[in-house]
Amino acid sequence: MALNLSQKQEVVAELAEVASKAHSLVAAEYAGTTVSQMTAMRKKARETGVFLKVVKNTLAARAVEGTDFECTKDALVGPLLYAFSSEDPGAAGRLIKEFAKSNDKLQAKVVSIDGKLFPGSHVEVLASLPTREQALAMLARVLTEPVTMFARAVKAVADKQGGGEATAEAAAETETA
């Protein structure tokens, strides 16, 4: 169904707003994907904070002007599905990678993050990025490791000098008191 000018302007405005706030973009060729597969992908996209849209490439090229994804304008060729990660940079990559496993016709063609254009094969790299929670857990582990190592070293020195038994007895006395 052909869109009139005002509908095209609405689509471009919506995509431009999403692109201005998004962390990453994956454009994938979707020809041969069934309706049920697309419906499942859209449902999963809503759950994971990914904006998924099938739109003409000329409209998408206009929408990404002035955003970090402007570098993708010349690479937007063929029937493409656009997946913008709005919350987690790797979410779009994980979504496309997950659905490409069960559908070999779904292939990532363009990946963009931080204003840089990458080939579709980089969807693996994007998908492997940790989520915010995973990154915070890794940071917490890195920050607590020196303290843990210091505590282990102090305990080892105390045990070697025979003070380990005295500290264990003192801990037992404070628990009973």
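# A guided tour of the predicted model

The structure holds five salt bridges, and since this is a predicted model, everything pointed out on this tour should be read as a feature of that prediction. Side chains of opposite charge can pair when their charged atoms come close.

**First stop: Lys53 and Glu14.** Select Lys53 together with Glu14, and you will find a salt bridge whose closest N and O atoms are 3.5 Å apart. This pair links distant parts of the chain, with Lys53 sitting in strand β2 and Glu14 in helix α1, 39 residues apart. Lys53 is partly exposed, at a relative accessible area of 24%, and Glu14 is likewise partly exposed, at 34% relative accessibility.

**Second stop: Glu65 and Lys73.** Move on to Glu65 and Lys73, whose side chains meet in a salt bridge with an N to O distance of 3.2 Å. Glu65 counts as partly exposed, at 44% relative accessibility, and Lys73 is partly exposed as well, at 28%.

Now select helix α6, which covers residues 132–160, and pick out Asp159 and Lys155, which form a salt bridge with their closest N and O atoms 3.0 Å apart. Because they are four residues apart in this helix, the two are separated by about one helical turn. Asp159 counts as partly exposed, at 40% relative accessibility, whereas Lys155, at 51%, counts as exposed.

Which residues have the most contacts inside the largest nonpolar core? Select Leu15, Val55, Phe69, Leu76, Tyr82 and Phe84 to see them, within a core of 21 residues. At least two residues of this core are supplied by each of α1 (5–21), β1 (24–29), α3 (57–63) and β3 (80–85), and α1 gives the largest share, with five residues.

Stay with Tyr82 and display what surrounds this side chain: leaving aside neighbours within four places in sequence, Tyr82 is in contact with Leu25, Val26, Ala27, Phe51, Leu52, Lys53, Val55, Asn57, Ala60 and Leu76. The list includes Lys53, the residue that forms a salt bridge with Glu14 at the first stop.

Within α4, the residues Ala91, Ala92, Gly93, Leu95, Ile96 and Phe99 are buried. What do these buried residues of α4 pack against? Colour β1, α2 (35–48), β2 (50–54), β3, β4 (107–113) and α5 (123–127), and you will have the elements that they meet.

**Last stop: Gly90.** Finally, select Gly90, which is found in the loop between β3 and α4. Is Gly90 buried or exposed? With a relative accessible area of 0%, Gly90 is buried, because buried means under 20%. To end with a distance across the model, draw a line from Gly90 to Ala61: the two are 29 residues apart in sequence and 22 Å apart in space, C-alpha to C-alpha.

How values were computed:
Residues numbered from 1 in each chain as written. Predicted model: local features only at pLDDT ≥ 70, side-chain atom pairs only at ≥ 80, totals over all residues. Heavy atoms only, no water. Core = buried A, V, L, I, M, F, W, Y, C linked by side-chain atoms within 4.5 Å. Buried < 20%, exposed > 50% of the residue type's maximum accessible area, 1.4 Å probe, protein only. Contact = heavy atoms within 4.5 Å. Salt bridge = Lys/Arg side-chain N within 4 Å of Asp/Glu carboxyl O.
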